Amino acid sequence: MRVGILGSGVVGQVLGAGFLKHGHNVVMGTRSPDKLAEWAAKNPQGRVASFAEAAQHGELVVLAVKGVAAADALREAGAAHLAGKPVMDATNPIIEQPPVNGVLSFFTGINDSSMERLQREFTEAKFVKAFSCVGNAWMVNPQFKGGKPTMFICGNDEAAKRVVTGILDQFGWETSDMGKVEAARAIEPLCMLWCIPGFLRNEWHHAFKLLT
Ligand SMILES: NC(=O)c1ccc[n+]([C@@H]2O[C@H](COP(=O)([O-])OP(=O)(O)OC[C@H]3O[C@@H](n4cnc5c(N)ncnc54)[C@H](OP(=O)(O)O)[C@@H]3O)[C@@H](O)[C@H]2O)c1
């Protein structure tokens with residue numbers, strides 16, 4: 001699959017390498033190609049370009065930018081380059097403030113979410129929340145003593161969620177579909193929960209699993 005990744009941070013880099021490992025055709029989007037020089041040297045099959053070129057390239061677009069800048073990055077990518085495509089949203093609406101007793105702060109409230117805001121602005125894009133509630137070290141084919149972890153996804157478009165579920169299968173996850181875009185109100189704060197043991201006790205090696 002042709003994949004356009006918006007983001008030069010650790011998440012973009014890890015997912016970009018993961019998509020390459022699984023045989024996809026990856027273009028990384030950034031405003032600052034220098035940040036990806038090392039990644040490009042290690043991943044010669046991938047290409048580094050602008051947000052717009054990466055989005056245009058992707059049959060699947062991955063959003064992996066700073067939460068506060070998500071809408072700006074998508075505007076720079078261009079709504080027309082996102083139209084009709086699954087946009088896998090790994091972002092979290094974190095405010096740049098120190099955690100309070102290990103708890104991060106968000107710029108969204110409990111009856112709102114970042115992905116709903118993005119879906120309202122970019123009406124033709126098919127957003128699917130995924131990879132937002134686990135640390136980057138465990139995104140691609142993680143190994144846990146407790147077995148295969150669960151990734152919670154949501155989004156309005158069923159076909160887009162099937163595409164993302166296929167990627168999660170490849171990346172070693174089981175998928176739990178929590179429904180439409182409003183479920184991002186529940187999925188995004190799992191990032192806060194995931195980070196608490198890290199900030200309090202420097203424990204970062206875990207993921208969520210839904211038991212039935
Ligand atoms: N770190 C993790 O383990 C983890 C795990 C799960 C989810 N997440 C979420 O994944 C996202 C990416 O996290 P990260 O740690 O990889 O990187 P990050 O430092 O949060 O974000 C870096 C990216 O944001 C872009 N950016 C920053 N300001 C911008 C602006 N004003 N306009 C457009 N783009 C802007 C940068 O663009 P340039 O490339 O142009 O510099 C860069 O691509 C975040 O939303 C985070 O909450 C992170």
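The structure is a predicted model: local features need pLDDT of at least 70, side-chain atom pairs count only at pLDDT 80 or more, and totals for chains, interfaces and linings use all residues. Residues are numbered from 1 along each chain as its sequence is written, and side-chain values use heavy atoms, leaving out hydrogens and water.

**The ligand**

- The ligand sits in the largest pocket. A pocket is an open set of points on a 1 Å grid over the protein atoms alone, where a 1.4 Å probe fits, with protein on both sides within 12 Å along at least five of seven lines. To sit there, a molecule needs more than half of its atoms within 2 Å of the pocket's grid points.
- 26 residues surround the ligand, each with a heavy atom within 4 Å of it. The closest are Ser 8, Thr 30, Arg 31, Lys 35 and Val 65.
- Polar contacts are pairs of N or O atoms within 3.5 Å. An N or O atom in the side chain of Lys 35 is 2.4 Å from an oxygen atom of the ligand.
- The backbone takes part too: a polar backbone atom of Val 11 is 2.8 Å from a ligand oxygen. For a backbone N or O atom of Gly 67, the distance to a ligand oxygen is 3.4 Å.
- Alone, the ligand exposes 900 Å², and the protein buries 80% of that. These areas come from the Shrake-Rupley method with a 1.4 Å probe.

**Helix α6**

- Helix α6 spans residues 114-121. Helices are DSSP runs of H or I with at least four residues, strands are runs of E with at least two, and both are numbered from the N terminus.
- Its buried residues are Ser 114, Met 115, Glu 116, Leu 118 and Gln 119. Buried means under 20% relative accessible area, exposed over 50%, and partly exposed in between (1.4 Å probe, protein chains only).
- Their cover includes β4, α4, β5, β6 and α8.

- His 57 lies in helix α3. His 57 is buried, at 13% relative accessible area.
- Beyond four places in sequence, His 57 touches residues including Arg 2, Asn 25 and Val 27. Contact means heavy atoms within 4.5 Å.
- His 24 lies in the loop between α1 and β2. His 24 is buried, at 11%.
- A polar side-chain atom of His 24 lies 3.2 Å from the backbone nitrogen of Met 1.

**An exposed loop residue**

- Thr 123 lies in the loop between α6 and β6. Thr 123 is exposed, at 55% relative accessible area.
- Thr 123 and Ala 83 are 40 residues apart along the chain, yet their C-alpha atoms are separated by 7.9 Å.

Methods. A polar contact is a pair of N or O atoms within 3.5 Å; within protein, one must be able to donate a hydrogen and the other to accept it, and residues adjacent in sequence count only if both atoms are side-chain atoms. On a 1 Å grid over the protein atoms alone, a cavity is a set of points where a 1.4 Å probe fits but cannot get out, and a pocket is an open set with protein on both sides within 12 Å along at least five of seven lines; lining residues have an atom within 4 Å of a point.
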